[in-house]
Amino acid sequence: MIRFEHVHKRLGGRVVLDDISFEIEAGETFVIVGASGAGKSVSLKHMVRLLTPDAGRVMVGDACVSQARGERLDHIRERFGFLFQSAALLQWLTVGDNVGLPLRMKTDLSDDEVDRQVRDRLAMVNLQDAFEKLPGELSGGMRKRVGLARAIITDPEIILYDEPTSGLDPVTSRTIDRLINRLRSELGVTSVVVTHDLHSALAIGSRIAMLHDGKMVEIATPDDFVRSRNEFIQGFLEAQYITTQGNWGQTPEAS
Amino acid sequence: MLLLFRNTGTAMCMLLEAFRDMPFMLSRRHRHDVLHQQFLTAIKSLGVITVVALFTGMILALQTGLELRRFGQEVYIGSAVTVVMLREMGPFMTALIIAASVGSAMAAQIGTMTVSEEIAALEVMAIKPVRYLVTPRLLAMIMMMPLVTIYTNIIGVVGGAVVGHTQLGVSITAYMDNATQFAENKDLYVGLLKSILFGIIIATVACHQGFATTQGAVGVGQATRRTVVVSFLVILTVGYMVTRLFYQ
């Protein structure tokens, strides 16, 4: 569904993606993990051409997103929903207007129909009472859920999540994880999640990819990932108290 | 110098795209945005514009009137104030106020949107940021700047009349007779042309600086400051060129 072919990207004089190649299958939840600055968000932004590779290309289905422009690029982007790390809600619009924005701007649906769909999506993320609120009145977790409602309002084939649980408490993080799983099972979307929260990655991922210093060091299922002998992955797992015994998400003291 | 050319080029490309998207502003979904921007551009600025225009007219009348009184010609302050307001000070003072208040706010808003990934979010939703953000602001500027300039001219002329009457002993009737005798339609039209050009300059500079914002809150502050400085410089330059073109 999404294919990186020898993608190379340099930002601010530093190589961020170094000859990256991988493929994401339709319907899976593909999680990219790695330390801060490893190139996770950069790779996500290449999928919707917010960034363009210096070399190589990114394919979405049969379309090369790295070279698309104008309406062709719009058509590719319309296949995506994108949950930004900060949720990126327009601050002067209400929650209802934020979620309905893609429909109001890109379709001829009546206001009533847009409102109906917005309320439907807000109900999916358990925020049916937030319709009239402004983003500034919401907590971080609620903003993320509004961002998620906006990402799914156009029924996209692919949803990209940039650090969906960062800055959230563990309970809210798991709520977001459950939402991501629910969207995959109910809507059948392909999901790409960028995170450094391995508990989240193991809970939602079909496959997990580890980026380190711009290189893809491993792509594996959650079970294989925790058993990987790769030193960077081992270090990452240990830093989050995750062991191969299956007690993911528990600290050694708790276990 | 290379950076200056590059910035000018990208600002011009954005301006062309904004003009090309003008027909979309007739649609239901954009009309409200244009109306809102018109309100912000004109109505919200009327208070400060009234004060500045009044005192500009009063200062003009006082300075020219004191000199003219030495020759017993103080009645000519009517034409002096009116012609200067119509040709130069009306559009110029209006533009400076709008650049400092509305232009800086535009740059801050778009700059904040840029650094908080809201512009990126629009792009991913296949919503064109220029059509959604720049064109309504540009159209509002083009429509409202001439109206606000006419208002500035009227208040300035009234301010001159008040000073003429109270401090220089020129009756309101003599002031207005003198004003209408020397002021020409051309003065008004050239002034209004300038106001439209100044509106385009302010919207272009502000939106371009907003989109070019980097480095978080510090970047937003820098974009706001640059908007005011660059707008002032370009307004002065273009104002001189238009004057040179029509009054040789």
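**Helix H4 of chain A**

Select residues 111-124 of chain A in this predicted model; they form helix H4. The helix has 14 residues and reaches 20 Å from its first C-alpha to its last, close to the 20 Å expected at 1.5 Å a residue.

Next, display the side chains of Val114(A), Val118(A), Arg121(A) and Leu122(A), which are the buried residues of H4(A). Around the axis they cover an arc of only 100°, which puts them on the same side of H4(A). Now turn to the other side of H4(A), where Asp112(A), Arg116(A) and Ala123(A) are exposed.

What covers the buried residues of this helix? Then step past the end of the helix to Asn126(A), which follows H4(A) and has a positive phi, near 60°.

S6(A) pairs with strand S7 (residues 158-162) of chain A in the parallel sense, over four bridges. Two residue pairs can be picked out here: Phe80(A) stands opposite Ile158(A) in S7(A), and Phe82(A) has Leu160(A) in S7(A) as its bridge partner.

**Strand S8 of chain A**

Move along the sheet to S8(A). Five bridges join S7(A) to S8(A), and the two strands run parallel. Ile158(A), already seen opposite Phe80(A), also stands opposite Thr190(A) in S8(A). S8(A) also pairs with S3(A), in the parallel sense and over five bridges. In that pairing, select Val31(A) and its bridge partner Val193(A) in S8(A).

How many of the six residues of S8(A) are buried? Six of the six are, so the strand is largely enclosed by the rest of the structure. In a regular strand the side chains alternate between the two faces of the sheet. Colour the residues of S8(A) by direction: Thr190(A), Val192(A) and Val194(A) point one way, while Ser191(A), Val193(A) and Thr195(A) point the other way.

**The four-stranded sheet**

Now select the strands of another open sheet in chain A, where four strands follow the order S2-S1-S4-S5 with antiparallel pairing. Its edges are strand S2 (14-24) and strand S5 (63-64) of chain A, each with a single partner strand, so one side of each is left without a neighbour in the sheet. Elsewhere in the sheet, strand S1 (residues 2-11) and strand S4 (residues 55-60) of chain A pair in the antiparallel sense over five bridges. One residue pair to display is His8(A) with its bridge partner in S4(A), Ala55(A).

From Ala55(A), go to Asp54(A), which is placed in the loop between H1 and S4 of chain A. Asp54(A) is partly exposed, with 13 other C-beta atoms within 10 Å. Apart from its neighbours within four places in sequence, Asp54(A) is in contact with His8(A), Lys9(A) and Arg10(A). To finish here, draw a distance from Asp54(A) to Ser66(A): the two are 12 residues apart in sequence and 9.8 Å apart in space, C-alpha to C-alpha.

**The contact between chains A and B**

Finally, show both chains. The contact takes 16 residues from chain A and 11 residues from chain B. On the side of chain B that touches chain A, select helix H5 (residues 118-124) of chain B, which gives the most, with five residues. Colouring that side of chain B by residue class gives six nonpolar, one polar and four charged residues.

How values were computed. Residues numbered from 1 in each chain as written. Chains lettered and ligands numbered in written order. Predicted model: local features only at pLDDT ≥ 70, side-chain atom pairs only at ≥ 80, totals over all residues. Pairing = 2+ DSSP bridges. Contact = placed C-beta atoms within 7 Å. Nonpolar A, V, L, I, M, F, W, Y, C, P; charged D, E, K, R; others polar. Expected span 1.5 Å × (residues − 1). Buried ≥ 20, exposed ≤ 12 C-beta atoms within 10 Å, placed from the backbone. Arc of directions from axis to C-beta.
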